[in-house]
Amino acid sequence: MAKISFIGAGYVGLVSGTIFAHLGHDVKCVDLDENKVSKLQKGQIPIYEPQLQSYLNESIASGKLSFSNKIESDTEIDAVFIAVGTPPKEDGQADLSYINQAILDCADAYSPDSLIIIKSTIPPQTCQNIQLMLRQKGFKHEIASNPEFLREGSAVTDFLEPDRIICGISSDKAKKVFEKIYLPLTKKGYPIIFTDTNTSELTKYASNSFLATKVAFINEMANLCETLGANIDKLTYGMGKDKRIGEAFLKVGPGFGGSCFPKDLLAISHLSKEKQELNTILEAVIDANEARSLKLVNKIKNVLSTLKNKRIAIFGTTFKAETDDVRSSPAIKICKLLLDNGADLHIFDPAGMDNTAKEISASFHQNPYDAAMQADCIVILTEWKIFAQLDYNKIKNNMRKACLFDFRNLLDQDLIKEIDFDYHCLGKKGHN
Ligand code: NAD
Ligand code: UGA
């Protein structure tokens, strides 16, 4: 088993570190955020992530997982994974300052035999540039790339059952370290792919860009369905049955969001421009997604005539279900536009209320029933299952107007029809 350290205990570092400990490795997670570390040392998870708690409890109890605020010198570390943020700068390029700082701290603390592995999403050529910078400063450590493909909300399963493990390396020594660390997964048959660091880094951006393209494409098809009187749900079912296309990532919605798709598309678009490579498809995807929020807000405005002083119940603000993350959430973008138009928002989200309150000022409610009280309409923005299971008869009786915008096509349309809502969904006919 290996001795591993993680720098950054956010969504990626915490999940990966915890699961590696569960798989038998000796793991220490380091994070600068004292509050986060103190919670983790008490076994409390600072994020909402299904299944993570039990794995964390188990790994702490077995003594395989620990947390700290600072990197301590250790000559026995096989590998250190860098999992700090790579947020966008104003012009879209990835801000690598957290990465650079973390790597210099590690090079100082760990022996040159420890492999430094960047798990964060970083633009192609970053590893080779950092390698050069370390050599110039007299450090002998090798830098490798190992992008992460987990999704928030299903992070534990994604990490335990990866479609593939991508490792960007420049030596056989690094390959052996990866083989040792990932053995518990590769021996179960999960594929590991070795490549150079540039290809590994670009594979991550290409994957996220392709998935985002699928989402943007289907949202535009939904617009066309509305105009032509077709049905997007039946269309995606029909398309998805073609094995070459596949069913995943064809769900219509308010646009893609989250801490990665928007940021990664901007970063790769910035890099393409810098290298004078035309990337017209990515530019179109970014623009199409950008236009989505306003289009949906106008949909509401058209039905209500005006948004000014309208009391609107918002169901869901996180960028998707099963997370508390509201970073670049399309729901937040839509809420901001509604507020700009003078609407009075009443919000409920099962996990994202605290994070939402940091982004917008509105009225927050403990449950969806209270949020919908006296409302002129409800807008479903996140596909939390509980929104499909509510008593809409009860909700309707307490509303000013029985009007509902289902921007995730979540509800059973026949059921809602029985309740006699003025129901609007995406890419297919609603009903009055
Ligand atoms: P995050 O913001 O949740 O966590 C980053 C953590 O790093 C923070 O807790 C921060 O305090 C800590 N940190 C920053 N600098 C540090 C330093 N010098 N030393 C120690 N700790 C430091 O970020 P995240 O969502 O986990 O994303 C991390 C990276 O992984 C990003 O590049 C992201 O694109 C990529 N990624 C994220 C996901 C996801 O689902 N969130 C999935 C795949 C890849
Ligand atoms: C995404 C990728 O799926 C992960 O593989 C990757 O590791 C991660 O980004 C990352 O690099 O951080 P995540 O952001 O957690 O994961 O969420 P997704 O499930 O991919 O959803 C992204 C956005 O697209 C959400 O806003 C979601 O609602 C939207 N979406 C997704 C749709 O509107 N329709 C779909 O069919 C799928």
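Q: Which helix gives the most to the shell around ligand 2?
A: Helix 8, residues 197–228, gives the most, with three residues. Keep in mind that this is a predicted model.

Q: And which residues come nearest to ligand 2?
A: Phe149, Leu150, Glu152, Lys204 and Cys260, out of 19 residues around ligand 2.

Q: How does that shell divide into nonpolar, polar and charged?
A: Nine residues are nonpolar, three are polar and seven are charged.

Q: What lies 2.8 Å from an oxygen atom of ligand 2?
A: A backbone N or O atom of Glu152. A backbone N or O atom of Glu148 lies 3.4 Å from an oxygen atom of ligand 2. From a side chain, an N or O atom of Arg408 is 2.9 Å from an oxygen atom of the ligand.

Q: How much of ligand 2 does the protein bury?
A: The protein buries 90% of the 700 Å² that ligand 2 exposes when taken alone.

Q: Back to helix 8 for a moment. What packs against helix 8?
A: The buried residues of helix 9 do. Helix 9 covers residues 232–240, and its buried residues include Ile232, Thr236 and Gly240.

Q: Why are those on the same side of helix 9?
A: Because they cover an arc of only 65 degrees around the axis, they end up on the same side of helix 9. In general, an α-helix has 3.6 residues a turn, so residues three or four places apart point the same way.

Q: Which residues are exposed on the other side of helix 9?
A: Lys234 and Tyr237 are exposed there.

Q: What caps the N-terminal end of helix 9?
A: Asn231 does, with a side-chain oxygen 2.9 Å from the backbone nitrogen of Asp233.

Q: Switching to ligand 1. Which residues come nearest?
A: Val12, Asp31, Lys36, Thr86 and Lys263 come nearest, among 26 residues around ligand 1.

Q: Which helices each supply at least two residues of that shell?
A: Helix 1 (11–22) and helix 4 (97–109). The shell around ligand 1 divides into eleven nonpolar, seven polar and eight charged residues.

Q: Which side chain has an N or O atom 2.6 Å from an oxygen atom of ligand 1?
A: That of Lys36. On the backbone side, an N or O atom of Tyr11 lies 3.1 Å from an oxygen atom of ligand 1, and a polar backbone atom of Thr121 is 3.0 Å from an oxygen atom of the ligand.

Q: How much of ligand 1 does the protein cover?
A: On its own, ligand 1 has 830 Å² of accessible area, and the protein covers 89% of that.

Note on methods: Residues are numbered from 1 along each chain as its sequence is written. Chains are lettered from A and ligands numbered from 1 in the order in which they are written. This is a predicted model: local features need pLDDT of at least 70, side-chain atom pairs count only at pLDDT 80 or more; totals for chains, interfaces and linings use all residues. Side-chain values use heavy atoms; hydrogens and water are left out. A residue is near a molecule or strand if one of its heavy atoms lies within 4 Å of it. A polar contact is a pair of N or O atoms within 3.5 Å; within protein, one must be able to donate a hydrogen and the other to accept it, and residues adjacent in sequence count only if both atoms are side-chain atoms. Accessible areas come from the Shrake-Rupley method with a 1.4 Å probe; for residues, only the protein chains shown count as cover. Helices (H or I, at least four residues) and strands (E, at least two) are DSSP runs, numbered from the N terminus. Ala, Val, Leu, Ile, Met, Phe, Trp, Tyr, Cys and Pro count as nonpolar, Asp, Glu, Lys and Arg as charged, and the others, Gly among them, as polar. Buried means under 20% relative accessible area, exposed over 50%, partly exposed in between (1.4 Å probe, protein chains only). The arc is that of the directions from the helix axis to the C-beta atoms. Contact means heavy atoms within 4.5 Å.
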